[in-house]
Each structure stands twice: as C-alpha cells, then as structure tokens.
Amino acid sequence: MRELRDKKVLVDKDGIRRALIRISHEILEKNKGTENLVLIGVRTRGVPLAKRIAANIEKIEGKKIPVGILDITLYRDDLSTIDQQPIVHKTEIDFDVTDKIVVLVDDVLYTGRTIRAAMDAIIDLGRPAAIQLAILVDRGHREFPIRADYVGKNVPTSRKEVIHVCLEETDGKDQVVLQEIIE
C-alpha cells in the first residue's frame with residue numbers, strides 16, 4: 001500500500017459549494033432548462049455531488065430532477081487486478097435513461113477509465129439522447145479521449161500526486177486535498 005502525505009488544501013467547503021452552484025447553472029444553460037435531464041452519480045463521491053447539484057437545480061428552477069446511483073465495479077477494465085472478490089454495490093437508477101440527457105457526476109477526472117466504464121454501464125440501461133460529464137476536479141493525465149463538460153476546478157498534477165476529495169456525506173468534511181505519494 002502506498003503512503004500519502006498531504007501537501008495542501010486546494011478547495012475548501014465554500015469553494016466546493018461555489019463550484020457546484022456554478023456547475024448547476026452551466027448544466028441548466030447548456031441544456032436550456034431541465035426537460036429530459038437526469039443526473040447519475042458515480043459511486044462513491046459522485047453520488048453526494050449529484051444530489052447537491054440536483055438540489056441546486058431545484059432551488060434555481062423549482063423543478064426536481066431524477067438522480068441515480070451508478071456502481072461501475074463490474075465494468076472496470078482493471079477488475080482482475082484490484083481484488084479477487086470485488087465488492088459490488090447496487091446501482092440505483094429507477095428511471096429510464098432512453099432519450100434522456102444524462103449528466104454523469106464524479107469527483108475526480110484522471111485517466112478517463114472510470115468514466116468510460118460508467119458510459120458502458122449507462123448504455124446497458126438504455127440509449128440516452130446525450131451523456132454529459134460533470135467533475136469537481138480535473139487533474140489531467142488522460143488515457144482515454146474523455147473531456148468533462150462541466151469542471152469545478154482544473155488542477156495540473158504530476159503522477160506522483162493524488163487528489164483526494166472529502167465530502168461531508170462520506171468523510172465528515174468538505175475539502176479537496178493535494179497529496180504526495182511517498183516512495
């Protein structure tokens with residue numbers, strides 16, 4: 001197991017709140033409102049982010065939009081290398097994605113492999129009109145040609161650094177921390 005050391009806090013609680021409000025407005029602007037719009041959070045930290053964006057949209061537009069939870073464990077291309085018995089959580093999407101504008105929400109965009117797996121999982125559920133991507137932090141180093149439509153913060157990193165997103169719902173506090181891998 002690699003050891004990590006915190007280098008600095010990149011985004012605090014207020015910064016996360018502001019970024020999610022901005023992303024919420026950008027989603028509404030690009031899609032001209034909420035018609036046929038659904039949010040799907042990638043488990044784990046994409047889920048509370050998706051719920052916060054949905055709450056922001058409801059405050060702005062006065063309309064509640066569906067939010068789903070996606071587990072991509074079985075779609076990962078590194079499944080055989082991560083664990084003999086991976087823990088699979090439930091995907092909870094109680095709406096049809098066919099002809100919907102699906103906004104995938106996740107915390108960090110890095111190589112693009114997680115998002116590729118998420119798109120595969122969504123396509124297995126139906127044929128959306130479009131899939132868009134909302135990310136809290138884009139750290140670069142793509143291995144797949146994937147680009148986020150909505151980004152909270154771009155953070156250029158080295159491969160010896162890690163971005164750790166902490167959220168109140170999962171970690172007891174809101175912040176984005178840059179960590180260094182100690183070798």
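What follows is a working chat about the sheets, helices and aromatic rings of a predicted model.

Reader: Which strands form the open sheet with antiparallel pairing, and in what order?
Author: There are 3 strands in that open sheet, ordered β1-β8-β7, and the pairing is antiparallel.

Reader: Which strands stand at the edges?
Author: β1 (3-11) and β7 (161-166). Each has a single partner strand, so one side of each has no neighbour in the sheet. From one strand to the next, the twist averages 30 degrees.

Reader: Over how many bridges do β1 and β8 pair?
Author: Over 7 bridges, in the antiparallel sense, with β8 covering residues 175-182. Within that pairing, Val11 stands opposite Val176 in β8.

Reader: Which helix packs on that sheet?
Author: Helix α1, residues 13-31. Helix α1 touches β1, β7 and β8, and its direction makes about 65 degrees with that of β1.

Reader: Now the parallel sheet. What is the strand order?
Author: β3-β2-β4-β5-β6, an open sheet of 5 strands with parallel pairing. The edge strands, β3 (67-70) and β6 (150-154), each pair on one side only. Here the twist averages 25 degrees from one strand to the next.

Reader: How many bridges between β4 and β5?
Author: 8 bridges, in the parallel sense, between β4 (residues 101-109) and β5 (residues 130-138). Val105, for instance, has Ala134 in β5 as its bridge partner.

Reader: Which strands do α2 and α4 touch?
Author: Helix α2 (residues 46-61) packs on the sheet and touches β2 (37-42), β3, β4 and β5. The direction of α2 makes about 155 degrees with that of β2. Helix α4 (residues 113-125) also packs on the sheet, touching β2, β3, β4 and β5. For α4 the angle is about 155 degrees with the direction of β4.

Reader: Back to α2. What span should its 16 residues have?
Author: At 1.5 Å a residue they should span 22 Å, and the end C-alpha atoms are 22 Å apart, so the two agree.

Reader: Which residues of α2 are buried, and what covers them?
Author: The buried residues are Gly46, Val47, Pro48, Leu49, Ala50, Arg52, Ile53, Ala54, Asn56 and Ile57. Their cover includes α1, β2, β3, β4, β5 and α5 (168-171).

Reader: Different topic. How many aromatic pairs in the whole structure?
Author: A search finds 0.

Reader: And what lies over the face of Tyr110?
Author: Arg139, at 3.9 Å from the ring centre.

Notes
Residues numbered from 1 in each chain as written. Predicted model: local features only at pLDDT ≥ 70, side-chain atom pairs only at ≥ 80, totals over all residues. Heavy atoms only, no water. Phe/Tyr/Trp six-rings, centres within 6.5 Å; stacked < 30°, edge-to-face > 60°. Lys NZ or Arg CZ within 6 Å of the ring centre and 35° of its normal. Pairing = 2+ DSSP bridges. Helix = DSSP H or I, 4+ residues; strand = E, 2+ residues; numbered from the N terminus. Axes fitted to C-alpha atoms, helices over the stretch in contact; angles between N-to-C directions. Contact = heavy atoms within 4.5 Å. Expected span 1.5 Å × (residues − 1). Buried < 20%, exposed > 50% of the residue type's maximum accessible area, 1.4 Å probe, protein only.
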